[in-house]
Amino acid sequence: MRVWHGLDEVSPDFGPSVVTIGNFDGVHRGHQEVLAHARARAAALGGLPVVAMTFDPHPMQVLRPDRAPLMLTDPARRAELLGEAGADAVLILPFTKEVSHWTPEEFIERTLVTALRAKAVVVGENFRFGHKAAGHVDTLLQAGAQYGFQVEGLSLAGAQQPWSSTYVRQKLADGDVEAAAEALGRPLRVTGVVVEGDKRGRELGYPTANIPADPGAAVPQDGVYAGWLTVLTPAPGAPAYPDPLPAAISVGSNPTFDGVDRRVESYVLDRDDLELYGAGVAIDFVARLRGTQIRFDSIDELLVQMKADVDGARRLLSTDPG
């Protein structure tokens, strides 16, 4: 799959193509449905490539940074997921003040007509674009009649309500990672590089891999979860761990020890031999074990709860310590 980080990276002889456009944050089931329709349209037009166009940063980070949403994916992960959903190429358009002032007609001419030579455009029915979000599906239909491309606007309806990134963020804010996973079609993933923590977990018999919680990323509500840790890039000089590892995951600032910085701490079940400092890891959240972190009055109380959390994670993930 090709990934372009701007219009200037698209080959002048690329196309014709079928294009779908959106922020695609999370690449949830609604987005996946849009990609499926784009693939079907591309097949009907003789097997054209499907291009997913997205933006970085999120337009709200440029236009209204105080109202910018927490992001479910970074651009690299988003491109990976779009490829898995059916895109042959991903165009990550840098969103700048200049781009925000393009009229809908200018946006269409620069991206769909000149760069991608679109023969069909598939978007969600609520897609808006161009200066002051003046463009919509009807605008695309009018341009399609002029430039010769088809247009399809799709509803993103799910079982109970339209799937949306906003819905996923709200479920994560509630700690409901299972509902978020249902909307995403997979568990929420948080990534980062393992840093040295206070090492209290190791002293207590539960060594953890700690990654700072990115303040711009959507991370589940503080609490304890069951999930999986996957090593994406091994630590320098450390062995590779190719398989996902079952984990009990704590999100928060560790109130028992007066912690301040929010972080994601993962104890890989029944393992104390892993070399993870400096490793790039992915944490996939499967289920919530308990809610907002508690301040315990003693280490003994904390240890009792930690054992209960680990046992709960083991049951949920169906792992056997033997």
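Predicted model: local features only at pLDDT ≥ 70, side-chain atom pairs only at ≥ 80, totals over all residues.
Although V27 is not a glycine, its phi is positive, at about 45°. The chain around it has 10 helices and 12 strands, and its C-alpha atoms fill a box of roughly 75 × 40 × 35 Å along the principal axes.

**The chain as a whole**

- Of the 322 residues in the chain, 48% count as buried.

**Backbone details worth a look**

- V27, with its positive phi of about 45°, counts as buried because its relative accessibility is 2%, under the 20% cut-off.
- K132 is another residue other than glycine with a positive phi, here near 60°.
- You can find K132 in the loop between β5 (118–124) and α6 (137–147).
- K132 has a relative accessibility of 73%, so this lysine counts as exposed, the cut-off being over 50%.
- The peptide bond leading from G15 into P16 is cis, and its omega is near 0°.
- P16 belongs to the loop that connects β1 (2–4) with β2 (17–21).
- A cis peptide bond also joins D56 to P57, again with omega near 0°.
- P57 is placed in the loop between β3 (50–56) and α2 (59–63).

**The six-stranded sheet**

- Six strands form an open sheet with antiparallel pairing, and reading across it gives the order β7-β12-β9-β10-β11-β8.
- At the edges are β7 (188–193) and β8 (209–212), each of which pairs on one side only.
- From one strand to the next, the twist averages 35°.
- Inside this order, β9 (residues 223–233) and β10 (residues 245–252) are antiparallel partners joined over seven bridges.
- To find your place in that pairing, look for A226, which stands opposite A248 in β10.

**Helices that lie across the sheet**

- Helix α8 (residues 177–184) lies across β7, β9 and β12 (280–290), and it runs at about 125° to β12.
- Helix α10 (residues 299–317) lies across β9, β10, β11 (263–268) and β12, with an angle of about 100° to β12.

- D309 is a residue of helix α10, the helix that lies across β9, β10, β11 and β12.
- The relative accessibility of D309 is 8%, so this aspartate counts as buried, being under 20%.
- Setting aside neighbours within four places in sequence, the contacts of D309 are V224, L289 and R290.
- With R290, the side chain of D309 makes a polar contact of 2.9 Å.
- For a sense of scale, the C-alpha atoms of D309 and L154 are separated by 43 Å, and the two residues are 155 apart along the chain.

**Cavity and pocket**

- Searching the whole structure turns up one cavity of 30 Å³ or more.
- The largest cavity holds about 50 Å³ of space.
- Its lining is made by L72, T73, R77, L81, L184, R186, P187, L188 and R189.
- Helix α3 (75–85) and strand β7 are the elements that give two or more residues to the lining of the largest cavity.
- The largest pocket contains about 1000 Å³ of space.
- This pocket is lined by 41 residues, and those closest to its centre are N23, H58, N126, F127 and R128.
- The elements that supply two or more residues to the lining of the largest pocket are β2, α1, α2, α4 (97–100) and α7 (165–173).

How values were computed. Residues numbered from 1 in each chain as written. Heavy atoms only, no water. Pairing = 2+ DSSP bridges. Helix = DSSP H or I, 4+ residues; strand = E, 2+ residues; numbered from the N terminus. Axes fitted to C-alpha atoms, helices over the stretch in contact; angles between N-to-C directions. Contact = heavy atoms within 4.5 Å. Buried < 20%, exposed > 50% of the residue type's maximum accessible area, 1.4 Å probe, protein only. Polar contact = N/O pair within 3.5 Å; in protein donor to acceptor, adjacent residues only side chain to side chain. 1 Å grid on protein atoms, 1.4 Å probe; cavity = no way out; pocket = protein on both sides within 12 Å on 5 of 7 lines; lining within 4 Å. Points joined across faces, edges and corners; volume = space filled by probe spheres on them.
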